[in-house]
Amino acid sequence: MRAGRRLALIATMTAVVVAAFGAAAAPSMARDFRVPTTTTLTASPGVLGPADSTTLTANILPGFLVGPLGNVKFTDSTTGALLGTIKPKLQCLLRREPCVATITVPASALAAGANTIVAAYSGGLFTKPSSGTANVFVGTQNTCPAGGGQCTTTATSSDGTTSTMISSAAPASGTETVQAFFDNETPPTSCTKVGAGHTLVFNVTNSGGTKTVTLTLSGQAAIDEHTNTDPFSVGNVCFGSPSSFTTAANQPATLNPADGLFYGNLPDCDDNDDDNDFTNGESHGNFVVTVPPCINFVNASEDTWATFTPATDSGPATYTESFTTTASDPKAHG
């Protein structure tokens, strides 16, 4: 082989090797000079009934570089469902305020129970991507036709320690809707909170005048309710209503400004047997009313408002009580 050809071959091989190694090394040597961003996500409200919706709001900083570039993708990471992709508003341009992307999502687009929503900002020519999360909890609902027997729905708290079953008889005409979910709201001081820090919120709606509803708590809520030592709460239900009512202490229910509902422990329903009326001299009798909402007796002769079954190897503890109320009252059990 001639010297000239040999030199040409060596030069060609060197160029190939340098090119190969250079291509492999390029990514590790490249630096991302884009500005870091921070994305925060809020959900309002964070707890939904099946017919409700929530507004998801993503705030991205710094806004003055985000405005015209990139998108925000909203995803339910619990189910993997894509909820929508939104371009941030441009009002943040050349300002210190965050860029904002909002989307309204119906409860029907989410799974029943706890959902973790992710807002992922894609980044742009001058900004790095970032993401934020928010939790949304969707309650359960069951709609039963007229004459359909018992209308029942169940719900479980987001931490899994507590569950409930709400049941009532479907009306002779029209439909019965039963809804239930757990919230982490704080009830007013007139209520004792039970259920491992969760509050049960439920609705039983139909076209009738009054309804008898059966509430069954399972797990930690059942134990907490059973061991409650509040003299006006033992074996009773803490009730929330848009209208004032007389409580078990024969006092007006307490208005809670946080949600506009009146709260208090329910008095006894008038069962006409006088064994639980203060007027007959019983030292441990409860106030009796003639109109709902009021608590029903499971065993009136023993002043028992509920039944409690301790936990066993085959199942959790349960606590069951029933009460009578108007058809469309919202109710919250602390």
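Which residue in E17 is the bridge partner of Phe 239? In this predicted model, where local features need pLDDT of at least 70, side-chain atom pairs count only at pLDDT 80 or more, and totals for chains, interfaces and linings use all residues, the partner is Gly 264. Residues are numbered from 1 along each chain as its sequence is written, and side-chain values use heavy atoms, with hydrogens and water left out.

The protein chain contains three helices and 23 strands, the helices (H or I, at least four residues) and strands (E, at least two) being DSSP runs numbered from the N terminus. Of its 334 residues, 42% are buried, that is, under 20% relative accessible area with a 1.4 Å probe and protein chains only. Among the contacts (heavy atoms within 4.5 Å) with a separation of 6 or more, 62% are between residues 24 or more positions apart. The chain exposes about 16,500 Å², of which carbon and sulfur atoms supply 58%, the areas coming from the Shrake-Rupley method with a 1.4 Å probe.

The pair that opened this account belongs to an open sheet of three strands, arranged in the order E15-E17-E16 with antiparallel pairing. Strand E15 (238-241) and strand E16 (254-256) stand at the edges and have a single partner strand each, so one side of each is left without a neighbour in the sheet. From one strand to the next the twist averages 35 degrees, with axes taken as lines fitted to C-alpha atoms and angles running from 0 to 180 degrees between N-to-C directions. E15 pairs with strand E17 (residues 261-265) in the antiparallel sense over four bridges, where pairing requires that DSSP find at least two bridges between the strands.

Strands of a sheet pair through backbone hydrogen bonds, either parallel or antiparallel.

With 85 degrees about the S-S bond, the link of Cys 144 and Cys 151 is right-handed, and both cysteines, Cys 144 and Cys 151, are buried.

Notes
Buried means under 20% relative accessible area, exposed over 50%, partly exposed in between (1.4 Å probe, protein chains only). A disulfide is a pair of cysteine sulfur atoms within 2.5 Å.
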